[in-house]
Amino acid sequence: MSKQKILITGITGQDGVFLTKKLLEENNNIHISGFSRNAETKEFYKKLQYLNNNLTLENLNTVNVNISNFSAVADFVNQFKPDYVYNLTGPSSVYNSLESPVNTSLEMTTNFMNLINALIQNNNYSNFFQPSSSEMFNQDTSSRLDEGSAFNPLSSYALSKFYIHKFIEILREKYEWNISNGILFNHESEFRENNYLIMKIINGAIDIKNGNKDELTIGSLEMTRDWSFAGDIVEAMQLLVEQGNNANYVLGSGVGKSIKEIVEFVFEYFKLDWKDYVNVNEELLRTGDPTHVVSSPKKIFNDTGWKTTTSFEELLTRCIEYKEKIK
């Protein structure tokens, strides 16, 4: 029996790490190839070993393919012939995209089109997962957001995600292609970079506890977001790809938590009174940022039975424990 071939672009990112771990733990009859930049590969393997030191890596290969180069992608697809594709590459930070909006838009759309066109050229209509973003909604509402909620993309990042999101609907109809489009809400883990809010709060609390900092400044305490664990989210990705779902799905916890709740939990963990150390400076906020963004993941639960299983408190605890080890 031949091995299932799985292509993961952006494999060294947070989602790629957890997805790779899960796939390798569950199935020996696979071969994973992941696009990565050489500089990130060593850290990627360290993270895999951190999650599971007994993980067998013989079915995993990282390859230095430049996804912005169509010929390189097409040649790889022709040789590898993937059965499943997870397209996790591209920028994930909206704030970073604001500094270079044109480059962000070009990178996201070019990478996506290169991969799609390479598959089409090779007549390879593999089950495919594409991550969209809750940033496409960008609306202030107390209602939970689902697949039918109106979009209002206001950044180059959100606009590019929206373009790809709509283009996938064309591909599904034209080629009868099983492409799952996951509208991802905030999902975090211990491997998030330090410029993300949860890590900024955790690192700030650790520095204050250790006497290396006197205060922490953030943009808001009241904003509410849907934070879930990246390890749970990749389980949804895997289900959608392996079942061959060809629809749009909101992926989130369905639970809203305020920034204040994060601050309270983290500072209480370190036996600190957050009110003595945390300042609010609204100038740090993006213009027009909605105050309440929470998912309604009923559709994927009804179709697959999937829901998040890691609580908000468990997520924060694992992030804190990891940061304590490496700081």
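Predicted model: local features only at pLDDT ≥ 70, side-chain atom pairs only at ≥ 80, totals over all residues.
Two packed helices are described by the angle between their axes and the distance between the axes. Helix H1, spanning residues 14–26, packs with helix H8, spanning residues 230–243, at an angle of about 60°, and their axes lie 9 Å apart. An angle between 35 and 65 degrees counts as oblique, and H1 and H8 are therefore oblique to each other. Their crossing is right-handed. On the H1 side, the contact involves Gln14, Asp15, Phe18, Leu19, Lys22, Leu23 and Glu26, which meet Ala230, Gly231, Val234, Glu235, Met237, Gln238 and Glu242 in H8. By class, the residues of this contact of H1 with H8 comprise six nonpolar, three polar and five charged.

A further helix pair is formed by H7 (residues 197–209) and H11 (residues 312–326), which pack at an angle of about 50° with their axes 10 Å apart. This angle makes H7 oblique to H11. The crossing of H7 and H11 is right-handed. From H7, Ile198, Met199, Ile202, Asn203 and Ile206 take part in the contact, and from H11, Leu316, Cys319, Ile320, Lys323 and Glu324. The contact of H7 with H11 divides into seven nonpolar residues, one polar residue and two charged residues.

Tyr269 belongs to helix H9, which covers residues 259–269. With a relative accessible area of 30%, Tyr269 is partly exposed. When residues up to four places away in sequence are not counted, Tyr269 touches Ile320, Glu321 and Glu324. The C-alpha atoms of Tyr269 and Leu316 are separated by 9.8 Å, although the two residues are 47 residues apart along the chain.

Strands of a sheet pair through backbone hydrogen bonds, either parallel or antiparallel. Strand E4 (residues 84–87) has Tyr84 and Tyr86 pointing one way and Val85 and Asn87 pointing the other way, and all are buried. Strand E1 (residues 4–9) is joined to E4 by four bridges, and the two strands run parallel. Within this pairing, Thr9 has Asn87 in E4 as its bridge partner. E4 is also joined to strand E5 (residues 127–133) by three bridges, again in a parallel arrangement. Here Tyr84 has Asn127 in E5 as its bridge partner.

An open sheet of three strands shows the order E12-E9-E14 and mixed pairing. Strands E12 (257–258) and E14 (292–293) stand at the edges with a single partner strand each, so one side of each is left without a neighbour in the sheet. Strand E9 (residues 224–225) and E12 run antiparallel and are joined by two bridges. In this pair, Arg225 stands opposite Lys257 in E12.

Most residues other than glycine have a negative phi. Glu176, a residue other than glycine, has a positive phi near 50°. Glu176 is located in the loop between helix H6 (156–175) and strand E6 (179–184), and its relative accessibility of 70% places it in the exposed class. Lys271 likewise has a positive phi, near 60°, in a residue other than glycine. Lys271 lies in the loop between H9 and strand E13 (278–280). With a relative accessible area of 73%, Lys271 is exposed.

Definitions and conventions:
Residues numbered from 1 in each chain as written. Heavy atoms only, no water. Axes fitted to C-alpha atoms, helices over the stretch in contact; angles between N-to-C directions. Parallel < 35°, antiparallel > 145°, perpendicular 65-115°, else oblique. Left-handed = near helix turned anticlockwise from the far one by under 90°. Contact = heavy atoms within 4.5 Å. Nonpolar A, V, L, I, M, F, W, Y, C, P; charged D, E, K, R; others polar. Pairing = 2+ DSSP bridges. Buried < 20%, exposed > 50% of the residue type's maximum accessible area, 1.4 Å probe, protein only.
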